[in-house]
Amino acid sequence: MSRQEMSFFIIVLAMLLSSNCLAECPGGMMANGLCWPTEGNELLLGWHGSNPNYPGKSHLGQDIRVAEGKRVFAIADGVVLHNRMDVDGYGGFGFNGGGLIIKHQLSDGQYFTALYAHLKNISVGTTVEKGQKIAEIGPYAGGTVHLHFGIRLPYNDNDARWAGYGSSDNGFTNSLTFIQNNAPYVDFSDDFQMIEATVRKVGDAAWYPPNVDCFDAQQWFRVTSTTCYFADRTICFEIMGACPAF
Ligand SMILES: [Zn+2]
């Protein structure tokens with residue numbers, strides 16, 4: 001093993017010690033590291049869809065078809081803001097259900113809130129960890145059983161408008177494209193030692209970012225580990241500075 005190959009293995013080993021980096025997503029992980037919020041992925045009514053029960057209003061989230069009793073997962077680490085039996089009509093049905101609103105943080109530090117709704121058996125404390133089971137899919141009398149998943153940005157702790165339909169967006173954004181295109185904040189301070197190492201591309205691994213020119217077999221560069229990128233979903237690193245000439 002060459003010296004360069006050795007340094008690659010050193011950084012990988014260190015990454016394995018980071019629980020943040022390796023947080024699992026039982027429902028699947030999105031390309032940039034957020035978790036998919038439940039066990040099913042069949043998309044029902046999406047962003048700005050219409051429902052005859054709410055004339056003149058549009059849908060402010062993404063509905064995902066999931067059988068009652070299936071698990072719902074936190075898409076990232078977060079703080080529970082509202083854990084209510086009934087949030088704007090999502091209903092509790094006597095099963096400790098309803099809507100659950102959790103404050104999460106993006107990789108750039110910005111906060112946002114996620115609404116997980118039509119739940120039962122909500123089981124959370126004041127904080128949640130990425131991928132944690134937070135509830136189960138509840139019954140839904142109005143049609144197909146589903147998770148209503150909404151995202152509001154920017155974060156607004158005092159705003160109580162959590163309705164799933166509105167004549168305006170009420171701060172919500174397209175939760176499907178949001179979860180596909182954003183990365184969660186990761187704090188390595190508790191469980192990660194800063195590392196500087198020289199790493200090279202190995203095979204055709206999808207290193208992040210994929211369009212950096214210096215990721216070829218002849219060139220090398222320095223990385224540290226303050227930010228979590230999901231290259232092959234097990235290794236995290238942040239590129240620091242320009243690629244050195246070799
Ligand atoms: Zn909905």
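**Entry 1: contacts**
I began with contacts between residues at least 6 apart in sequence, and 67% of them join residues at least 24 apart. I note for myself that this is a predicted model.

**Entry 2: the overall picture**
Next I looked up the elements and found 2 helices and 15 strands in the protein. Of its 246 residues, 36% are buried.

**Entry 3: strand β7**
Is strand β7 buried or exposed? I checked residues 111-120 and saw that 9 of the 10 are buried, so β7 is largely enclosed by the rest of the structure.

Then I went through the partners of β7. Strand β6 (residues 98-105) runs antiparallel to β7, and 7 bridges join the two. Here I found L100 opposite Y116 of β7. The hairpin of β6 and β7 has 5 residues between the strands, and G109 takes a positive phi near 95° there.

I turned to strand β10 (residues 146-152), which pairs with β7 in the antiparallel sense over 5 bridges. In this pairing, I151 of β10 is the bridge partner of A114.

Strand β9 (residues 133-137) also pairs with β7 in the antiparallel sense, over 2 bridges. I looked up K120 and found its bridge partner in β9, E136.

**Entry 4: a glycine in a loop**
My last stop was G56, in the loop between β1 (42-43) and β2 (58-59). Why is G56 called exposed? I counted 8 other C-beta atoms within 10 Å of G56, and a residue is exposed if that count is 12 or fewer. I also looked at G56 with S168: they are 112 residues apart in sequence, yet 10.0 Å apart in space, C-alpha to C-alpha.

Notes
Residues are numbered from 1 along each chain as its sequence is written. This is a predicted model: local features need pLDDT of at least 70, side-chain atom pairs count only at pLDDT 80 or more; totals for chains, interfaces and linings use all residues. Helices (H or I, at least four residues) and strands (E, at least two) are DSSP runs, numbered from the N terminus. A residue is buried if 20 or more other C-beta atoms lie within 10 Å of its own, exposed if 12 or fewer, and partly exposed in between; C-beta atoms are placed from the backbone. Two residues are in contact if their C-beta atoms, placed from the backbone, lie within 7 Å. Two strands pair if DSSP finds at least two bridges between them.
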